[in-house]
Amino acid sequence: MTEEQLARGLKGVVIDKTESSKIDGKLGKLIYHGYDIHDLAEKSTFEEVCYLLWHGKLPTQKELDDLSRSLAENRALPPQILQIIDLVKATHPMDALRTGVSALATFDPDTEDNSPAANLRKAIRLTAQTATIVAAHERIRKGQKAVAPDPSLNHAANFLYMLKGEKPDAESARAIDLDLLLHADHSSNASAFAARVTTGTNADMHAAIVSAIATLKGPAHGGAAQAVMTMTAEIGEPERAEQWVKDAIAAKKRVMGFGHRVYKTEDPRARHLRDRVRHMGEKYGQVKWFQILSRVEEAMAPYRERGIYVNVDFYAGAAYSLLGIPEDLFIPMFALGRMPGWITQILEQWADNILLRPLLKYVGPVDLPYIPISERK
Ligand code: ACO
């Protein structure tokens, strides 16, 4: 490819090989290292998916127990990180998360060691600690004390415990576990690409995760779940959904939670969150969100022939809201789920590293005469 051949947005450009995840946009299929997302959603857990992505195989019981224990043992934050979170408590939770991870680099004994063994230790610490940062920031900004992690709980249950200060019921914990697992990796998405670019310069894992978090923050990547809940509140009642969609389409607005760059059929992750939201809504006596979202889906049916189907974000926001998670935590939730995938792609990049350095086509002026400052007007 030369400077003359533009690939704006890198659309359709294959940048490297991966064994981590594969999306088939036509069939609506997603696999993590060979395993169908539907099987993993029904039978697996976040911890098991971490093992699968980082080691390229499903763990034995002992391997899973060892990883789960290591994650649980590495959740605590250095006290200085809690002080930093307190200093920046008024900021957006994504900025607090990015700042917290950046500061963690100062305290991690392996920051400068990029060997495979050190990178795996950092993978465990960072996956565990990021959940603690998000929960601690949420509590500190509300004037509450951060809750110390409980090593007897799994990653998802412990996150809810640190967030709310009480142990969650099994169903709420499983809803978070499922949500994290469904977000764990998604091929060359913008934030994973950012992590690869940073790793390509031989920068360390903390630096690459900071890049990924910064990139996920943008509304074109991580922000749609929140926008769906804003839309749901605006619609207000299920019977208003059809007209709302008609008006939005007539005004050439995007209906949030629909459409995808790669999937031209239903995003396979959406099914599992739809089922959860229906079930949790019935259990908690809060069915209105599900009813509104279902009616929006029905109203969008005519657009399926154009490849516009529901995506993962459509039901994710309602699932978080049913669990009492505030809207500005939706992107951090995505980040916590995506941690294993970012890390896997950083490990893959390290295994056969290359500088990611594309070209730009220069379209500025040339051959301008240099005018001394005293003669410039
Ligand atoms: N609502 C209405 N129309 C849509 C939507 C939508 N959500 N998505 C695409 N379209 C229409 C566009 O208006 C366009 O129509 P046109 O050809 O008449 O101009 C056509 O479909 C193609 O749209 P593009 O933006 O070119 O498609 P692309 O594949 O680049 O966009 C994107 C994908 C950005 C996700 C888009 O579908 C969108 O904006 N969706 C809403 C936001 C959203 O849900 N984002 C989350 C994505 S999933 C994730 O990141 C986890």
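**From a helix to the ligand**

Let's start in helix α1, residues 37-43, where D39 and K43 sit four residues apart, about one turn of the helix (helices are DSSP runs of H or I, at least four residues, numbered from the N terminus). This is a predicted model, in which local features need pLDDT of at least 70 and side-chain atom pairs count only at pLDDT 80 or more, while totals for chains, interfaces and linings use all residues. Residues are numbered from 1 along each chain as its sequence is written, and side-chain values use heavy atoms, leaving out hydrogens and water.

Side chains of opposite charge can pair when their charged atoms come close. D39 and K43 form such a salt bridge, at 3.5 Å from N to O (a side-chain nitrogen of Lys or Arg within 4 Å of a carboxyl oxygen of Asp or Glu). The whole structure holds 24 salt bridges.

Now to the ligand. Around the ligand are 18 residues, of which R254, V255, G257, F258 and N311 come nearest (a heavy atom within 4 Å counts as near). Ligand oxygen atoms lie 2.8 Å from a side-chain N or O atom of R254, 2.9 Å from one of N311 and 3.1 Å from a polar side-chain atom of R261. The protein buries 65% of the 930 Å² that the ligand exposes when taken alone (Shrake-Rupley method, 1.4 Å probe).

Definitions and conventions
Polar contact = N/O pair within 3.5 Å; in protein donor to acceptor, adjacent residues only side chain to side chain. Helix = DSSP H or I, 4+ residues; strand = E, 2+ residues; numbered from the N terminus.
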